[in-house]
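I opened this entry to look up cross-links and charged pairs. My notes follow in the order I checked things.

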Amino acid sequence: MPLTHRTPAGPRGLVGAAAETAAAQHLRALGWHVLARNLRVQRDEIDILAREPGTPDVIVVLEVRSRSGPGFGAAVESVDARKVARLYRAAWSLQCEGHPELPTSATEGAVWRVDLLALVRDRDGGWCLERHLRGLQPT
């Protein structure tokens, strides 16, 4: 069962949690194995930690961003170089030190990557994947 460590606060937190749930369901439908959600790694947080299907084993740190409408710009625009650097810092910490609730065997020998999933609300109030950007790099 995936790890979950954060309870959303307020309406914005609830919307973000709903988008993260939709993102995890999308990944599972594509054959991904979700290892953890809302994983605290020192002072950082990983929205979703998952294993991408296929060979070689690829562990992906996923940042989920969502927008309920076009009024605040695109979801992908809300991720800056500092956020990407924090995601890499969290991934590095997991690789080097592990996590007390994540078995070492779950990530051992894998290639690591940082991705961004951007979701938007559809007309029915559900979530639709707008973009999946693979291999984000801090600049």
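How many disulfides does a search of the whole structure find? I ran the search on what is a predicted model, and the count came back as zero. For the record, a disulfide is a covalent bond between the sulfur atoms of two cysteines. I then looked up the exposure of two cysteines. Cys 96 is partly exposed, at 48% relative accessibility. Cys 128 is also listed as partly exposed, with a value of 38%.

Next entry: salt bridges. I count seven of them in the structure. I went through some of these one by one.

I began with Asp 44. I find this residue in strand β3, which covers residues 44-52. Is Asp 44 buried or exposed? Its relative accessibility is 7%, and buried means under 20%, so I note Asp 44 as buried. Leaving out residues up to four places away in sequence, I see Asp 44 touching Leu 39, Arg 86, Arg 89 and Ala 90. With one of these, Arg 89, the side chain of Asp 44 makes a polar contact of 2.6 Å.

That pair is also on my salt-bridge list: Asp 44 and Arg 89 meet through their side chains, N to O, at 2.6 Å. Because Asp 44 sits in strand β3 and Arg 89 in helix α2 (residues 81-97), the bridge ties together parts that are 45 residues apart in sequence.

Then Glu 52. I have its salt bridge to Arg 113 with the closest N and O atoms 2.9 Å apart. Which parts of the chain does the pair link? Glu 52 belongs to strand β3 and Arg 113 to strand β5 (residues 111-121), so I record a link between distant parts of the chain, 61 residues apart. Glu 52 is buried at 15% relative accessible area, and Arg 113 is buried at 18%.

I followed this pair further. Glu 52 and Arg 113 belong to a network of salt bridges that also takes in Asp 115 and Arg 134.

I find a salt bridge from Arg 51 to Asp 57, where the closest N and O atoms are 3.7 Å apart. Asp 57 is partly exposed, with a relative accessible area of 33%.

To close the entry: I have zero disulfides and seven salt bridges written down for this model.

Technical notes:
Residues numbered from 1 in each chain as written. Predicted model: local features only at pLDDT ≥ 70, side-chain atom pairs only at ≥ 80, totals over all residues. Heavy atoms only, no water. Helix = DSSP H or I, 4+ residues; strand = E, 2+ residues; numbered from the N terminus. Polar contact = N/O pair within 3.5 Å; in protein donor to acceptor, adjacent residues only side chain to side chain. Contact = heavy atoms within 4.5 Å. Disulfide = S-S within 2.5 Å. Buried < 20%, exposed > 50% of the residue type's maximum accessible area, 1.4 Å probe, protein only. Salt bridge = Lys/Arg side-chain N within 4 Å of Asp/Glu carboxyl O.
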